[in-house]
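I opened the notebook to look up a few residues and some helix packing. My notes follow in the order I took them.

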Amino acid sequence: MSPITLVAGRRLSVSNLDKVLYPATGFTKGEVLHYYAVVADVLLPHLRDRPVSFLRYPDGPGGQVFFTKNVPPGTPDWVTTAEVPRSEGPARMVVLDGLAALMWAANLVTEFHTPQWVLAEPAEADRIVFDLDPGAPASVVECCAVALWLRERLRADGIEAYAKTSGAKGLHLLAGVRGASSAEVSAYAKRLALEAERTMPDLVLHRMTRSLRGGKVFVDWSQNAGRKTTATPYTLRARDEPTVSAPVTWREVEECRDPGRLVLRADDMADRLRLLGDLLAPLLDRTTHGAIPGAAASE
């Protein structure tokens, strides 16, 4: 019988706490749950009012890995769910709005992925994201160079960007935006990706053409589409080691010369949070969000 624990007044059944999910380091399911308890205060605001897609890996990253968008079977009735618009018809998805719900979801062993809009205003994007994905032999070092160019280009349009590791090979660039639909944000992101490619043709691609990607950084602008999601800040990733999609400072980006410098693991996060707090906190203040040039609602 699975042990029962009390979290924020809710009784949770947790299971297989000694199960090793990351064999490369021996990181267990119990440590996964502990990690999410440690980062809950900074993770939950980035999940608030956003439907969550789960990328589950219940037997570790070497086992079966699968996406779950609809409410999973057996979800407790106290976990918040919401109807979400989709092109094929509305669907019901989970919304993680508190510690108990977060720990319930963590017990599923999952990555958290969220869209660039909130349930209160699904027709309007509140974030723009660029997923910088290096093609070998390029690495996150090259991604940093592209991120710095994009930061300045966005700043020229009055949009302030922030960086986080992807938790895999690359880097994510995020910024708060207002007054634009997902389609308008996607079109703007594509324009910037094309501009980056023209400016740095030996380093940047705006298309996912694998035959062209060697030594270059693919600037994936397409994750701004309303139907797409991106790894939520602070989520663990289904990789060989318990890496985190973790916020980083611009100084860390500027000084990165070794890919290992931007590999952040679960065990790194408590100290980073004590020293730096949530580096992505400005994204939560909509009064600071920039307007997308040319967007109808921004004019």
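**Entry 1, glutamine 223.** I began with where glutamine 223 sits, and found it in the loop between β14 (217-220) and β15 (230-231). I am reading a predicted model here, so I keep that in mind throughout. Is glutamine 223 buried or exposed? Its relative accessibility is 11%, and because the cut-off for buried is under 20%, glutamine 223 counts as buried. I then looked for a side-chain partner and found aspartate 220, whose side chain makes a polar contact with that of glutamine 223 at 3.4 Å. Setting aside neighbours within four places in sequence, I listed the contacts of glutamine 223 as Gln116, Val129, Asp131, Lys228, Thr229 and Thr230.

I located glutamine 116 in the loop between β9 and β10. With 5% relative accessibility, glutamine 116 counts as buried. Which residues touch glutamine 116, leaving aside its neighbours within four places in sequence? I noted Arg50, Ala125, Asp126, Arg127, Val129, Gln223, Asn224 and Thr230.

I moved to strand β10 (residues 125-134), where proline 134 lies. Proline 134 has 3% relative accessibility and counts as buried. Beyond its neighbours within four places in sequence, I found proline 134 in contact with Ser139, Val140, Cys143, Lys169, Gly170, Arg213, Lys216 and Val217. I also checked proline 51, which is 83 residues from proline 134 along the chain; their C-alpha atoms are separated by 28 Å.

I turned to helix pairs, since two packed helices are described by the angle between their axes and the distance between the axes. For α3 (residues 140-156) and α4 (residues 182-199), I noted axes that come within 11 Å and cross at roughly 125°. That angle makes α3 oblique to α4. The crossing of α3 past α4 is right-handed. Which residues meet there? From α3 I wrote down Trp149, Leu150, Arg153 and Leu154, and from α4 Tyr188, Leu192, Glu195, Ala196 and Thr199. Sorted by class, this contact has six nonpolar, one polar and two charged residues.

On the α1 side the contact is made by Tyr35, Val38, Val39 and Val42, and on the α6 side by Met269, Ala270 and Leu273. The class tally for α1 with α6 is seven nonpolar, no polar and no charged residues.

My last stop was α2 (residues 99-106), and I asked how many of its eight residues are buried. I counted seven, so I wrote the helix down as mostly covered. The buried ones are Ala100, Ala101, Leu102, Met103, Trp104, Ala105 and Ala106. I then looked up what these buried residues pack against: the strands β1 (4-7), β2 (10-13), β5 (53-56), β8 (91-94) and β9 (110-114), plus helix α1 (29-47).

Conventions:
Residues numbered from 1 in each chain as written. Predicted model: local features only at pLDDT ≥ 70, side-chain atom pairs only at ≥ 80, totals over all residues. Heavy atoms only, no water. Axes fitted to C-alpha atoms, helices over the stretch in contact; angles between N-to-C directions. Helix = DSSP H or I, 4+ residues; strand = E, 2+ residues; numbered from the N terminus. Parallel < 35°, antiparallel > 145°, perpendicular 65-115°, else oblique. Left-handed = near helix turned anticlockwise from the far one by under 90°. Contact = heavy atoms within 4.5 Å. Nonpolar A, V, L, I, M, F, W, Y, C, P; charged D, E, K, R; others polar. Buried < 20%, exposed > 50% of the residue type's maximum accessible area, 1.4 Å probe, protein only. Polar contact = N/O pair within 3.5 Å; in protein donor to acceptor, adjacent residues only side chain to side chain.
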